[in-house]
Amino acid sequence: MSSSNYRRNKAAIDQFHKELMAMVDDIQQIDKKVLNKAVNNGVAYAKRHTPVGKHPNPVTFTVKNGPDAGTVVSFKVSDPGVGGKLKAAWKALPAKKSKAGVEKEMINLMDYASYWNYGHRIVTKKGGPTKGFVKGTFVLEKTRGYIEKQLVMEFEKEVKAVQSKND
């Protein structure tokens, strides 16, 4: 075998190996990048689909205890405010490696988030009879479906980018 063929073949194989390793490095970064993007989009989706309560103005209530019990009180406030704590509480935790690959969690730590998502019964007093039921909004489940679609779409986009980069 001539040494010039050997050098050309070795150079071609080394180049192929170098390109292949670059492609493998790109592929290893895709899963984390895609997961981050999809879950972050999911947090935005959940925030968009979480309703915000509006506080009434004027504020009206009946005094229950004390010398004025039974008196209806009503007053206007300069800034009635709006809710939004549940909406603001949607967060995405950092992605981390696991046995299965990479994982990332989306959470809402408001204490009433599960009641709002899954629904709850209505009682007039503690331990009293059930007076009704508030249906859940199931935004968490809807967001999960949205994230799954985003994962597929983003993964396909990244694979195409890696393929075009390494062609």
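**Salt bridges in a predicted model**

Student: How far apart are Glu 154 and Lys 157 in helix α4?
Tutor: They sit three residues apart in helix α4 (residues 139-165), so about one helical turn separates them. Keep in mind that this is a predicted model.

Student: What do Glu 154 and Lys 157 form?
Tutor: A salt bridge, with the closest N and O atoms 3.5 Å apart.

Student: Is Glu 154 buried or exposed?
Tutor: Glu 154 is buried, at a relative accessible area of 3%. Lys 157 is partly exposed, at 46%.

Student: Which residues are joined into one network with Glu 154?
Tutor: Lys 37 and Lys 157; salt bridges with shared partners link them and Glu 154 together.

Student: OK, zooming out. How many salt bridges are there by this rule?
Tutor: The count is six.

Student: What about helix α1, where do Asp 14 and Lys 10 lie?
Tutor: Both are in helix α1 (residues 3-48), four residues apart, which is about one turn of the helix.

Student: New one: which residue does Lys 96 form a salt bridge with?
Tutor: Glu 103, and the closest N and O atoms there are 4.0 Å apart.

Student: Is Glu 103 buried or partly exposed?
Tutor: Partly exposed, at 35% relative accessibility. Lys 96 also counts as partly exposed, at 45%.

Notes. Residues numbered from 1 in each chain as written. Predicted model: local features only at pLDDT ≥ 70, side-chain atom pairs only at ≥ 80, totals over all residues. Heavy atoms only, no water. Salt bridge = Lys/Arg side-chain N within 4 Å of Asp/Glu carboxyl O. Helix = DSSP H or I, 4+ residues; strand = E, 2+ residues; numbered from the N terminus. Buried < 20%, exposed > 50% of the residue type's maximum accessible area, 1.4 Å probe, protein only.
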